[in-house]
Amino acid sequence: MENKIKAYDNILALVGNTPLVRLNRITQEFTGSFYAKVEAFNPGHSAKDRIALHIIEEAERKGLLSEGSTVIETTSGNTGFSIAMASIIKGYECILAVSSKSSKDKIDILRSMGAQVYVCPAHVSADDPRSYYEVAKRLHRETPGSIYINQYFNELNIEAHYRSTGPEIWEQTGGQITHLVACSGTGGTISGTARYLKEQNPNIRVIGVDAYGSVLKKYHETGKLDPNEIYPYRIEGLGKNLIPGATDFNIIDEYIKVTDAESAHMARNISKTEGIFVGYTSGAVVQALKQLDALGAFAPDSKVVAIFPDHGSRYMSKIYSDEWMRDQGFLESAKEVRPQEVQYVK
Ligand code: PMP
């Protein structure tokens, strides 16, 4: 009878193979067809499950991890959750250095998953000893037998998406995808996915979504890190104040920047119109689609795939809180500057 039980061995068996869902209303005014790769279907509710599992299993193959070893990382939350989840199943300790910009929900969730969490100031430079990068490096030096995932500079971050997200999208679109639009944080998602897709069809156009306050777009255009581009912004997980080694800038055709307020409203509108409860950066991606459409980027036969990186439940005290939105001045900005945003809400 036992072979009739249809159960997965453990939760990690469910990582990847996320659905592609047609967008029906939020993009109805745009030219072309639009599809979302909904990464919240991963068991850890984000695309980061893919890299956590791939990097940890590569370390196991190299003999770097054994029962009781410690896995260390810097994370805005999602990667931390995925590492904590994998560590539980595989029997490792998990230490995470997170930015103070991360939502309280995210930090509480990490602690609930058994991780030791160090909260580090967000608005210090990357080489400041208090930054979450430097704190993680120090903890790695001080913890014997530990590995440091180092998602911003780890080629395996790209490889995880090259091996999974890219082939899945190619297969799910029957090879018809014409544009890939994805957020760029570490750059692993967009670089790995695009590398695979462009190997299949070099004409696929790849567009990275960046934040105002981040250096990525300008670096892509000029090859220079301009410190004047750096200032605080609210979107978590998108854009950067350094040049991540896990971004293959050559494979990205262009970057587009989006604002905190418009991305927040767009995330709320996606939830209300498509019934997909999305995180902040999914709003950023659809805001980018809107701007690209206005620039005439798409044709009637375009098949555009947008990656929705995570789930809305992690942002209850942020974009899904009217109070938080009001405190940021985002509710006023919607009324005064962008009243047309509201038209999608039924
Ligand atoms: N969205 C969210 C919510 C994230 O946490 C991240 C990762 N920083 C991204 C988008 C961007 O993904 P990547 O790091 O692969 O560029």
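The backbone nitrogen of G188 lies 3.1 Å from a polar atom of the T186 side chain. The model is predicted. T186 belongs to the loop between β7 (179-183) and α7 (188-200).

- T186 has a relative accessible area of 5%. The cut-off for buried is under 20%, so T186 counts as buried.

**The four-stranded sheet**

- Four strands form an open sheet in the order β5-β4-β3-β6. Their pairing is parallel.
- The edge strands are β5 (116-120) and β6 (146-148). Each of these edge strands pairs on one side only.
- From one strand to the next, the twist averages 20°.
- Strand β3 (residues 70-75) runs parallel to β6 and is joined to β6 by three bridges. Across this pairing, I72 of the β3 stretch stands opposite Y148 in β6.

**Helices across the sheet**

- Helix α2 covers residues 78-90 and lies across β3 and β4 (93-99). The direction of α2 is at about 165° to β3.
- Helix α4 covers residues 132-142. It lies across β3, β4, β5 and β6. The direction of α4 is at about 170° to β3.

- Strand β2 (residues 33-38) is mostly covered, with six of its six residues buried.
- Which sense of pairing links β1 to β2, parallel or antiparallel? Strand β1 (residues 20-22) pairs with β2 in the antiparallel sense, over three bridges. V21 has A36 of β2 as its bridge partner.
- Strand β10 (residues 303-308) runs parallel to β2, and six bridges join the two. Here V38 stands opposite F308 in β10.
- As a general point, the strands of a sheet pair through backbone hydrogen bonds, either parallel or antiparallel.

**Aromatic rings**

- How many aromatic pairs does the structure hold? It holds ten aromatic pairs.
- One of them is Y132 with Y133: the ring centres are 4.8 Å apart and the planes are at 20°. Planes under 30 degrees apart count as stacked, so this pair is stacked.
- Both tyrosines are buried: Y132 has a relative accessible area of 10%, and Y133 has 9%.
- F249 and Y255 have ring centres 6.2 Å apart and planes at 45°, so the pair is tilted. F249 and Y255 are also buried.
- F30, F34 and F298 form one aromatic cluster.

Methods: Residues are numbered from 1 along each chain as its sequence is written. This is a predicted model: local features need pLDDT of at least 70, side-chain atom pairs count only at pLDDT 80 or more; totals for chains, interfaces and linings use all residues. Side-chain values use heavy atoms; hydrogens and water are left out. Two strands pair if DSSP finds at least two bridges between them. Axes are lines fitted to C-alpha atoms, for helices over the stretch in contact, and angles run from 0 to 180 degrees between N-to-C directions. Contact means heavy atoms within 4.5 Å. Buried means under 20% relative accessible area, exposed over 50%, partly exposed in between (1.4 Å probe, protein chains only). A polar contact is a pair of N or O atoms within 3.5 Å; within protein, one must be able to donate a hydrogen and the other to accept it, and residues adjacent in sequence count only if both atoms are side-chain atoms. Rings of Phe, Tyr and Trp (its six-membered ring) pair if their centres lie within 6.5 Å; planes under 30 degrees apart count as stacked, over 60 as edge-to-face and the rest as tilted.
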